[in-house]
Amino acid sequence: MATVLITGCSSGFGKLAALHFARKGDTVYASMRNTSKGKELEEARDAESLKIELLELDVTDDASVSAAISKVIGEAGQIDVLVNNAGIGAHGPIEETDDDEAKEIFETNFFGVLRVIRAALPHMREKKAGTIANVSSLAGRVGPPFDGIYAASKFALEAMSEALSYEVHPFGIRVLLVEPGGFETNIGDTRRVPRRYNEGSPYAELDQRFTQALTRLPTGGERGDAQLVAEKIYDAVNDKEPKLRYLVGQDAEMIDGLRRQLDDEQFEKTIRQALDFWD
Ligand code: NAP
């Protein structure tokens, strides 16, 4: 059974993944910025005799990352699986996003992952084993309007993960990406919106129309059950035929499928037609 470290376990995919891995018998270090948010995990641990340890870890803080990794190595001796799940959402027009706001998104979604990977890799290399699962997004494959900065952070994560998979393969380490479409978690409520963006914005009406248009997709713009993503992370990590990318959700499968079949112009036309979004 594996020792698994997961970031961002206070809610959403991270919390569900911590439970899912633990229910499969793994020892899970469920990390989060504020461990007082881990009560549900502690209750499940006690009720079901699961091996779940809460661990403080803020991915934007070098000292916090290094202390967390040292604690896991000190106690378990190794990290078999690292799931980089912590992330923040962002919604708003690119023109109205200031540098500090864009940097905040990258600081968590890209540099946060990089920081944790850099701290874990020496231990994985020493053991000549390990799996790094990075939670990206469909927005790491296509750039949706009004999610541009978020998508940019996930595109960066995709590029880094792809390159890293070549670099660490000789050391027996695997890298994979899980790419969910839209799922019901806290991310919609906590997503960052640019401070300059308000109802008077020249983009406000277009944004509303785009959000409305999404409901015309065959999936109806519905958000899926987050448990599916937790299970996909586990299945991807334990896949007997390892791949680099794992899409999750009907919307992700459909849109990425189109993206792979069509050239840039055909893809754009198809999406505009599907959404009746011609501006
Ligand atoms: P969520 O419920 O908001 O969970 C996000 C988690 O990340 C929370 O535990 C949050 O902790 C944590 N986090 C944020 N900043 C952190 C930091 N600096 N250090 C450590 N933890 C931090 O949203 P979610 O949907 O489960 O998101 C998980 C991942 O899935 C993210 O990478 C997100 O980009 C990705 N994703 C989500 C969707 C979706 O539709 N839900 C789709 C594609 C990809 P706090 O409680 O402390 O804020």
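**Reading a ligand site and its surroundings**

Tutor: Let's start at the ligand: one of its oxygen atoms lies 3.4 Å from a backbone N or O atom of Gly181. Keep in mind that this model is predicted.

Student: Okay, and how far is an oxygen atom of the ligand from a polar backbone atom of Gly87?

Tutor: For Gly87, that distance is 3.4 Å.

Student: How much of the ligand's accessible area does the protein cover?

Tutor: On its own, the ligand has 890 Å² of accessible area, and the protein covers 94% of that.

Student: Which residues come nearest to the ligand?

Tutor: Out of 31 residues around the ligand, Ser10, Ser11, Arg33, Tyr150 and Thr185 do. Sort the shell by class and you get eleven nonpolar, 15 polar and five charged residues.

Student: Now the charged side chains. How do I read a salt bridge?

Tutor: Here's the general idea: side chains of opposite charge can pair when their charged atoms come close. This structure holds 20 salt bridges. One of them joins Asp98 and Arg195, with N and O 3.0 Å apart.

Student: Why does that pair tie together parts that are apart in sequence?

Tutor: Asp98 is in the loop between β4 (81–84) and α4 (99–109), while Arg195 is in the loop between α7 and α8 (204–214), so the bridge links parts 97 residues apart in sequence.

Student: What about two helices, α10 and α11: at what angle do they cross?

Tutor: Roughly 145°, with the axes of α10 (residues 250–261) and α11 (residues 264–275) coming within 8 Å. Ile255, Leu258 and Arg259 from α10 meet Asp264, Phe267 and Thr270 from α11. That contact has three nonpolar, one polar and two charged residues.

How values were computed
Residues numbered from 1 in each chain as written. Predicted model: local features only at pLDDT ≥ 70, side-chain atom pairs only at ≥ 80, totals over all residues. Heavy atoms only, no water. Near = heavy atom within 4 Å. Polar contact = N/O pair within 3.5 Å; in protein donor to acceptor, adjacent residues only side chain to side chain. Areas by Shrake-Rupley, 256 points an atom, 1.4 Å probe, with all protein chains shown as cover. Nonpolar A, V, L, I, M, F, W, Y, C, P; charged D, E, K, R; others polar. Axes fitted to C-alpha atoms, helices over the stretch in contact; angles between N-to-C directions. Helix = DSSP H or I, 4+ residues; strand = E, 2+ residues; numbered from the N terminus. Contact = heavy atoms within 4.5 Å. Salt bridge = Lys/Arg side-chain N within 4 Å of Asp/Glu carboxyl O.
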